[in-house]
Amino acid sequence: MKTSAHVLSPAAGNASSQPELVNIEAVHKFYGDHHVLRGIDMSVKRGEVAVLIGPSGSGKSTLLRCINHLESISAGRIKVNEELIGYREKDGKLHELHAKEIARQRRDIGMVFQKFNLFGHKTALQNIIEAPVQVKGQKRVPAERRALELLDRVGLANRADFYPAQLSGGQQQRVAIARALAMDPELMLFDEPTSALDPELVGDVLEVMKDLAKSGMTMVVVTHEIGFAREVGDTLTFMDGGVVVESGIPRDVIANPQHERTKGFLSKVL
Amino acid sequence: MSISTSSRNSSVTDRKPDLIKAVPVRHPGRWVGAAAIVVLAAGAVQSLATNPNFHWETFALYALDANVIQGVGWTLLLTVLSMIIAVSLAVLLAFMRQSENPIYRWSSWFWVWFFRGTPVYTQLIFWGLVAVLYPKITLGVPFGPDLLNLNTQDLLNAFWAAVLGLGLNESAYLAEIFRAGLKSVDRGQIEAAEALGMRGTRIMWRIILPQAMRVIVPPTGNETIGMLKTTSLVLAVPFTLDLTFVTNTLANRSYLPIPLLIVAAFWYLVVTSILMVGQHFIEKHYGRGVENTARIAFNPAALRAAGATSSATQSPSVDVETRIEESDR
């Protein structure tokens with residue numbers, strides 16, 4: 001279990017000519033003595049869908065949460081759009097960013113949570129316009145118009161005035177995606193978006209994510225949906241024990257895993 | 001498989017099913033209990049009506065007395081103003097307690113420790129004596145020139161001393177209620193707001209506090225009603241216009257304490273009842289989005305959408321089931 005991450009270069013193909021949007025270099029994360037991330041290197045090109053899989057406790061969600069600084073990293077660098085996340089480097093020293101600057105960085109990074117985390121006291125529409133109005137200072141009327149478009153896009157145009165508790169899990173998650181999109185992010189993070197859903201509701205959420213990927217959104221997706229990874233993912237990264245065990249084109253990794261641990265994991269989830 | 005399907009089909013008909021008409025369980029104990037309570041209540045009413053020592057004529061004489069009504073007014077004013085101070089401070093204290101700044105956290109903790117740890121009666125006496133402790137209040141630069149010079153007596157008369165004493169003491173209790181409320185909101189709400197680029201006070205104010213209010217309002221209503229009656233302690237300041245002091249004075253003058261105690265109790269009950277009505281509406285407001293099962297019927301847009309959905313799925317009744325339907329796609 002040393003930090004000898006066996007990193008393959010990510011997928012070639014049409015995305016190779018485009019610049020990297022996310023750059024993760026030698027990232028470590030400790031919780032006290034617990035070494036959760038043990039030297040992660042990874043990059044995601046603009047327009048690419050990177051899928052992260054791995055057993056629970058492998059650090060994949062932690063890594064995702066480091067990308068928008070919900071967790072701070074203990075070592076290494078994470079850059080989004082060439083900008084260091086959470087810190088400023090000055091004279092070879094890292095300075096913590098002020099909360100205001102971190103908030104500004106997060107504006108451009110949408111996140112979708114396993115448990116949806118819709119604001120319970122606000123309707124679907126109010127959930128979506130909250131950040132555009134409060135953070136970006138958009139006017140209410142155009143923000144609402146945009147929100148209705150987004151609701152329509154996720155198939156919930158007639159649920160605008162529903163409170164989260166009146167929606168099914170699948171509907172809540174689609175509202176949560178619309179809420180993240182309302183900030184016009186250049187990157188979307190998905191943290192096991194379908195894990196808390198009843199099986200018959202998973203399809204609708206994956207469908208929305210598929211459309212989003214097709215529209216060219218850069219996405220990092222932590223999921224257990226291998227089918228989604230194969231169909232939509234440009235890269236598939238398998239993590240275990242805080243390291244990247246294997247990474248490559250999803251079809252290849254799934255059909256022909258190079259590593260024993262990958263084989264073991266895939267045989268259980270497929 | 002085919003057998004079970006056909007048997008299920010045979011029971012699905014348009015014929016109305018034979019509804020169960022079961023004999024309900026009898027509860028003889030309830031009748032015995034009810035009878036006992038009726039007897040006790042009748043006894044109480046009889047004694048109230050017939051015992052001359054209640055002096056109902058004196059009650060009637062003083063219930064609408066101008067001094068008493070003014071006393072009710074002062075009591076209400078004390079309650080409202082001290083609760084406004086207490087709630088404002090409590091929000092601040094609770095936010096400070098959640099802050100990442102340790103100085104804020106410790107200050108908040110110290111405030112609660114001090115004002116909760118000393119009797120409100122003592123605090124009221126103290127505020128009444130502030131003018132003795134500090135005859136003059138001077139605003140100025142420490143060791144430098146004075147900018148403003150005021151007589152404490154003018155600034156802090158008995159009424160404001162009472163309001164301040166009650167409000168500061170109450171703020172410590174309310175701060176704990178608000179803290180519990182803020183803690184009751186799922187951490188995921190903060191993370192979701194942070195991920196959207198919101199931060200700090202705005203997250204607290206717009207996302208966390210409104211949802212915490214559902215937990216905060218009932219005990220705060222409790223505290224408000226408690227405050228209404230704690231105002232009777234303001235004679236410690238001394239402030240002498242509140243309901244209890246006025247009725248006590250009248251009782252001493254007429255040598256009839258009991259009817260005037262009843263006058264006071266009557267008015268406290270009336271005001272408490274009004275406060276409870278107010279609390280009901282505040283609770284309803286902050287319960288939105290939570291009492292979801294009842295909510296659909298009140299939410300016209302939701303009802304419309306649900307109606308459209310249910311007609312699409314040929315389900316004639318609009319009920320809570322619509323919230324788990326995915327048929328709108």
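Predicted model: local features only at pLDDT ≥ 70, side-chain atom pairs only at ≥ 80, totals over all residues.
Figure 1. Chain A exposes about 11,200 Å², and 46% of that comes from carbon and sulfur atoms. As for charge, chain A carries 34 positive and 34 negative ones, and their mean positions sit 4 Å apart.

**Figure 2. The overall build of chain A, with nine helices and twelve strands.** The radius of gyration is 18 Å, close to the 18 Å that the globule rule gives for 270 residues, so chain A is as compact as a globular protein of that length. Its C-alpha trace spans about 55 × 50 × 40 Å along the principal axes. Of the 270 residues, 57% count as buried. Take the contacts in chain A with a separation of 6 or more: 65% of them join residues 24 or more positions apart.

**Figure 3. A look into the largest nonpolar core, which has 82 residues.** Ile24(A), Ile40(A) and Leu187(A) are the ones that touch the most other members. As a rule, nonpolar side chains in soluble globular proteins tend to be buried together.

**Figure 4. Close-up on Ile24(A) and the residues it touches.** Leaving out residues up to four places away in sequence, Ile24(A) touches Ile40(A), Met42(A), Leu63(A), Ile67(A) and Ile78(A), along with Asp41(A) and Arg77(A).

**Figure 5. A second, separate core of 52 residues.** Among its members are Ala182(A), Val202(A), Leu212(A) and Ala229(A).

Terms used: Residues numbered from 1 in each chain as written. Chains lettered and ligands numbered in written order. Heavy atoms only, no water. Helix = DSSP H or I, 4+ residues; strand = E, 2+ residues; numbered from the N terminus. Rg over C-alpha atoms; globule rule 2.2 N^0.38 Å. Buried < 20%, exposed > 50% of the residue type's maximum accessible area, 1.4 Å probe, protein only. Contact = heavy atoms within 4.5 Å. Areas by Shrake-Rupley, 256 points an atom, 1.4 Å probe, with all protein chains shown as cover. Lys, Arg positive; Asp, Glu negative; His and termini not counted. Charge placed at Lys NZ, Arg CZ, Asp CG, Glu CD. Core = buried A, V, L, I, M, F, W, Y, C linked by side-chain atoms within 4.5 Å.
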